[in-house]
Amino acid sequence: MRGTAQGTAPVPLSVLDLLTVGAGSTATDALRTAGEIARTAERRGYHRYWVAEHHSMPGVASSSPAVILAHLAAQTESIRLGSGGVMLPNHAPLVIAEQFGTLEAMAPGRVDLGLGRAPGTDGATAAALRRTDRLNEGADDFPQQLAELIRFLDDDFPDGHPYSRIHAVPGPVQATSPGGVQSAHRPPVWLLGSSGFSARLAAQLGLPFAFAHHFSAQNTIPALDLYREHFRPSAVLDEPYALIGVGALASDTEAEARRQVLAGALSMIRLRTGRPGLVPTPEEAESHPYSMVEEDFVESWLGNVVYGTPDAVRQGLDDLAKRTGANELMITANAHGGAARLRSYELIADAYGLPGGA
């Protein structure tokens with residue numbers, strides 16, 4: 001579970017890919033780029049590659065993390081693959097256990113199951129996913145849903161439980177069948193969050209914790225402090241382990257980096273104002289007639305993105321690791337084109353002297 005820092009990086013570096021779809025491109029292009037990024041990340045010594053569940057967003061092609069991870073498992077050999085995350089209230093725990101048991105069988109020992117309690121979309125879409133309008137119930141039931149999922153993964157419902165004769169397959173039950181052999185691995189569970197709720201729950205259960213610094217930076221240090229303060233050692237972890245998602249993009253020049261991240265900022269403006277669409281081109285973002293409110297949003301949003309030349313990004317990531325004490329940095333590059341994102345991961349790897357460079 002724990003990574004090893006490569007080169008001169010202060011902590012292990014990983015990748016969060018939102019599979020963004022830019023104007024003029026398709027979901028097929030985004031999936032092809034995902035494969036290229038995953039292979040690049042593996043070659044350059046990034047520790048893990050995660051995808052996040054989103055729905056009803058034209059500019060994000062990651063509605064089905066398990067399907068995408070199966071696609072990437074066939075293209076990689078060593079990098080850890082996982083969800084950052086699957087939104088547990090959207091799914092039956094048994095279904096998730098089956099999906100990630102299948103992924104574990106495809107890529108033994110390198111699958112992570114990151115779980116969130118947000119819907120990953122708007123309320124109407126969440127209602128369509130869950131076939132209910134009682135959305136708060138799903139979030140409130142998250143600890144119980146999590147406990148059920150873990151029991152399915154471990155196949156250890158107690159005798160007399162309604163689910164004691166139900167088994168997630170692939171899974172441990174296969175080892176108890178005649179001639180069965182126990183798999184050496186089961187996907188480790190991570191809790192994801194953007195506030196204190198999941199931080200406290202992860203601490204109580206002794207689970208690793210991933211915080212969404214890239215869109216909730218004001219809550220990062222309070223949530224990490226809460227996690228560390230309340231952490232209880234478990235069979236999974238003897239001490240806290242927390243990663244943070246970081247918006248970061250490196251280019252050959254600061255001006256080009258700003259052009260790229262500005263497109264991501266305009267995409268977020270449209271999403272936050274109920275107009276989700278494809279990620280605009282840098283040219284469209286530069287020519288957009290920003291209102292004063294939009295200009296304020298852009299500067300606030302980009303204030304939490306580490307961007308610029310490779311040296312500037314390295315310094316920004318170093319500072320962030322030191323300030324937060326995070327055990328791992330998971331970098332997400334929100335830009336219009338796949339080439340810019342690929343180039344960024346290569347440049348960051350070069351800046352830290354990670355292996356696999358030219």
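Predicted model: local features only at pLDDT ≥ 70, side-chain atom pairs only at ≥ 80, totals over all residues.
Which residues does Leu317 touch, not counting residues up to four places away in sequence?

**Figure 1. Leu317 and the largest nonpolar core.** Leu317 touches Val246, Ala248, Val306, Leu329, Ile331, Ile348 and Tyr352, with residues up to four places away in sequence not counted. The largest nonpolar core has 99 residues, and Leu317 is listed with Tyr46, Tyr49 and Leu115 as having the most contacts inside it. Helix H9 (residues 254–272) gives the most to this core, namely 8 residues. In soluble globular proteins, nonpolar side chains tend to be buried together.

**Figure 2. The packing of helix H1 with helix H2.** Helix H1 spans residues 27–43 and helix H2 spans residues 65–73; their axes are 10 Å apart and form an angle of about 55°. H1 is therefore oblique to H2. The crossing of the two helices is right-handed. From H1, Leu31, Ala34, Gly35 and Ala38 meet Ile68, His71 and Leu72 of H2. By class, this contact has 5 nonpolar residues, 2 polar residues and no charged residues.

**Figure 3. Helix H7 and its surroundings.** In helix H7 (residues 196–205), the buried residues are Ser198, Ala199, Leu201, Ala202 and Ala203. These buried residues pack against helix H6 (142–154), strand S5 (189–193), strand S6 (209–211) and helix H8 (220–230). Gly206 follows H7 and has a positive phi, near 70°.

**Figure 4. Two cis peptide bonds.** Most residues other than glycine have a negative phi, and most peptide bonds are trans. The bond from Gly84 to Gly85, however, is cis, with omega near 5°. Gly85 is placed in strand S3 (residues 80–87). Val169 and Pro170 are also joined by a cis peptide bond, with omega about 0°. Pro170 lies in the loop between H6 and S5.

**Figure 5. Positive phi values at Leu19 and Ser56.** Leu19 is not a glycine, yet its phi is positive, about 50°. Leu19 is located in the loop between strand S1 (13–17) and H1, and it is buried, with a relative accessible area of 0%. Ser56, likewise a residue other than glycine, has a positive phi near 60°. Ser56 lies in the loop between strand S2 (48–51) and H2.

**Figure 6. Gly356 in the segment after helix H13 (338–351).** Gly356 is partly exposed, with a relative accessible area of 37%. Leaving aside neighbours within four places in sequence, Gly356 is in contact with Arg43 and Arg44. Gly356 and Glu346 are 10 residues apart in sequence, and their C-alpha atoms are 9.6 Å apart in space.

Notes
Residues numbered from 1 in each chain as written. Heavy atoms only, no water. Axes fitted to C-alpha atoms, helices over the stretch in contact; angles between N-to-C directions. Helix = DSSP H or I, 4+ residues; strand = E, 2+ residues; numbered from the N terminus. Parallel < 35°, antiparallel > 145°, perpendicular 65-115°, else oblique. Left-handed = near helix turned anticlockwise from the far one by under 90°. Contact = heavy atoms within 4.5 Å. Nonpolar A, V, L, I, M, F, W, Y, C, P; charged D, E, K, R; others polar. Core = buried A, V, L, I, M, F, W, Y, C linked by side-chain atoms within 4.5 Å. Buried < 20%, exposed > 50% of the residue type's maximum accessible area, 1.4 Å probe, protein only.
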